[in-house]
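The following exercises each set a task and then work through its solution step by step. Keep the sequence and the structure at hand while you read.

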Amino acid sequence: MPGKGRAVCVGADIDTDLVIAGRYLRTKDHSIWVEHVFEDLDPTLASRLNGAVIVAGKNFGCGSSREQAAIAIREAGVVAVVAPSFARIFFRNAINVGLPLIECDLPCTEGSLVAFDLAEGWVDAEGKKYTTPRLSSRMQAILAAGGLVNYWRTCQ
Amino acid sequence: MGTLSERILHGTAGEYVDRVVDRAYVHDGTGVLTLEAWKSMGERRLKDAAHLHVLFDHIVPANNSTTATLQHELREFARSSFLHFSDIGSGICHQIMSEGIVLPGDVVVGADSHSCTLGAFGAFATGVGATDMAAIWMTGETWFRVPESIGMHLSGTFTGATEAKDLALTYVSRLGMDGASYQALEFIGEGTPALPMDDRLTLCNLAVETGAKAGMFYADDVTVQYLATAGHEVKPQEPEPCRYIRELDFDLSDIVPVIAVPPRVDKVKPVHDLAGLPLDQVFVGTCTNGRYTDLARFARIVKGRNVAVRTIVVPASRAVLQEAIRTGVLDDLVEAGCTLGTPGCGPCLGAHMGVLGEGEVCLSTANRNFKNRMGVGGEIYLSSVATAAASALEGEITEPEVA
């Protein structure tokens with residue numbers, strides 16, 4: 001799965017409360033999550049996410065298991081999230097909702113082009129190519145299906 | 001031979017395995033998304049509803065009509081599909097699962113990050129998201145990467161006013177917020193037999209704040225006796241020689257009362273260093289410290305006096321509330337000026353009651369102090385129950401006195 005987008009840089013240990021605050025969770029209206037994504041981190045961020053690759057510090061998505069965090073990022077138009085490490089529940093959630101994650105300690109310049117290929121296991125930023133760990137074959141299949149719901153739909 | 005995780009998951013650290021789940025549970029928050037995902041998966045079949053639980057605890061009672069409608073739909077589904085259902089007022093999902101449902105050796109998955117609490121019983125218990133849970137509803141199983149384990153050697157006994165919560169915050173500080181990512185914490189050593197179940201639940205509860213997948217105690221005589229009162233006959237688990245990826249030593253007699261400073265759970269300081277910090281609210285409760293022993297400890301300290309700051313006490317479950325009524329603990333709390341909430345998560349997640357205002361400071365016995373979590377512009381300091389009680393009486397952060 002190849003992809004590319006403009007880098008949006010965020011820090012380390014971004015918890016899921018910062019991705020989408022508890023006060024916005026009780027709805028099925030995804031547009032509310034898209035509107036308020038990262039609001040408590042930086043209220044200007046949401047408007048810059050369409051077509052972006054989020055480049056984060058370590059332990060992205062720590063804290064609450066709220067899947068709305070991964071859904072909000074995906075539906076805001078983020079192409080992928082790159083970070084040296086992800087919190088494990090967020091990692092599973094992101095794959096399950098079809099949001100590509102890439103484990104890589106990438107330098108970040110806001111707005112620079114980041115290209116990647118999940119299947120081949122590389123990410124390219126600022127003229128430098130980094131090798132990245134490949135997802136398990138099952139996780140790749142879930143991502144390729146667009147998430148776990150579609151994966152099960154097509155499995156049955 | 002292996003770690004407790006390896007033995008329960010029947011795999012070697014690093015290996016991916018598919019395992020049948022013994023208990024799977026959701027709450028009113030994650031349950032809504034789980035139900036949506038499950039409906040979308042196609043066949044709409046449930047694998048063994050007898051092992052599936054829906055427990056309302058996050059926003060109880062509902063705070064507005066949107067929440068009420070979402071809860072109504074999930075409630076109707078749970079009842080009509082014969083899932084175990086706990087309605088508002090029953091208590092926190094992890095607490096109810098700890099009151100005689102989860103057993104040693106179980107594989108337990110909860111759609112909540114603090115599901116790791118139940119590792120206190122020698123179960124493999126971990127959190128997942130809603131869509132993973134939907135697949136578990138459908139198939140009865142899920143995949144795990146068998147975690148490496150960190151040996152947490154406990155020795156000695158707590159002294160003075162120190163509690164398990166102080167040890168929990170101390171180990172989070174030592175490991176850091178991602179120090180145990182994808183790993184399991186195994187609490188072992190000569191210091192463990194003396195720890196009651198409530199302390200073990202508190203210690204396992206904070207495991208996820210280090211990124212850990214699970215926090216675990218081996219079932220021993222304490223576990224066996226605790227579960228016997230709930231009508232279960234279980235056997236202790238004998239530790240076997242195994243390989244830990246890392247080992248840490250904690251002498252319980254060295255642990256002092258501490259506080260986690262916002263906005264990080266691993267930013268921990270001795271209470272002494274923060275003494276005098278003015279408070280707007282004290283909150284006692286949650287899956288970390290809302291059990292009967294916590295309420296009783298708080299009541300013992302504030303009994304006969306008045307709290308100097310608004311203080312919200314939320315029992316972790318109906319059973320906790322009933323015990324507090326029976327023993328007079330509740331009376332002592334009300335007499336001291338505490339405000340009581342419905343058994344459940346209370347203000348911990350900032351979605352309804354007890355929300356903080358801009359610039360307000362709360363001392364909480366919960367497990368997270370992230371930015372804006374309990375209200376925009378509010379700050380959360382995390383402490384033990386004894387520190388919360390001493391501080392509630394003074395209206396500022398105060399070192400707990402030795403009992």
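This is a predicted model: local features need pLDDT of at least 70, side-chain atom pairs count only at pLDDT 80 or more; totals for chains, interfaces and linings use all residues.

**Exercise 1. Find how α6(B) and α7(B) are oriented towards each other.**

Step 1. Residues are numbered from 1 along each chain as its sequence is written, while chains are lettered from A and ligands numbered from 1 in the order in which they are written. Helix α6 of chain B covers residues 164-175 and helix α7 of chain B covers residues 197-205; helices (H or I, at least four residues) and strands (E, at least two) are DSSP runs, numbered from the N terminus.

Step 2. The two helices pack at an angle of about 20 degrees, and their axes are 9 Å apart. Axes here are lines fitted to C-alpha atoms, for helices over the stretch in contact, and angles run from 0 to 180 degrees between N-to-C directions.

Step 3. Therefore α6(B) and α7(B) are roughly parallel to each other, given that angles under 35 degrees count as roughly parallel, over 145 as roughly antiparallel, 65 to 115 as roughly perpendicular and the rest as oblique. Their crossing is right-handed, the term for a near helix turned clockwise from the far one by less than a right angle, with anticlockwise giving left-handed.

Step 4. On the side of α6(B), the contact is made by Ala164(B), Lys165(B), Leu167(B) and Ala168(B), and α7(B) contributes Asp199(B), Thr202(B) and Leu203(B). Two residues are in contact if their C-beta atoms, placed from the backbone, lie within 7 Å. Sorted by class, the contact of α6(B) with α7(B) has four nonpolar, one polar and two charged residues, where Ala, Val, Leu, Ile, Met, Phe, Trp, Tyr, Cys and Pro count as nonpolar, Asp, Glu, Lys and Arg as charged, and the others, Gly among them, as polar.

**Exercise 2. Which helices of domain 2 of chain B each supply at least two residues of the side that touches domain 3 of chain B?**

Step 1. Chain B is divided into domain 1 (18-91 + 102-116 + 124-142), domain 2 (149-254) and domain 3 (260-394), with bounds that come from an automatic or database domain assignment.

Step 2. The centres of domain 2 and domain 3 of chain B, taken over C-alpha atoms, are separated by 23 Å, and 15 residues of domain 2 are in contact with 16 residues of domain 3.

Step 3. The helices asked for are α6 and α7 of chain B, and the largest share of this side of domain 2, six residues, comes from α6(B). The residues of this side divide into five nonpolar, five polar and five charged.

**Exercise 3. Explain why one side of β4(B) and of β6(B) is left without a neighbour in the sheet.**

Step 1. An open sheet of five strands in chain B has the order β4-β3-β2-β5-β6, with parallel pairing.

Step 2. Because β4 (84-86) and β6 (124-127) of chain B stand at the edges, each has a single partner strand, and one side of each is left without a neighbour.

Step 3. For β6(B), the partner strand is β5 (residues 107-110) of chain B, joined to β6(B) by four bridges, and Phe124(B) in β6(B) is the bridge partner of Val107(B).

**Exercise 4. Locate the cis peptide bond from Val60(B) to Pro61(B).**

Step 1. The omega of this bond is near -15 degrees.

Step 2. Pro61(B) is found in the loop between β3 and α3 of chain B.

Terms used: Two strands pair if DSSP finds at least two bridges between them.
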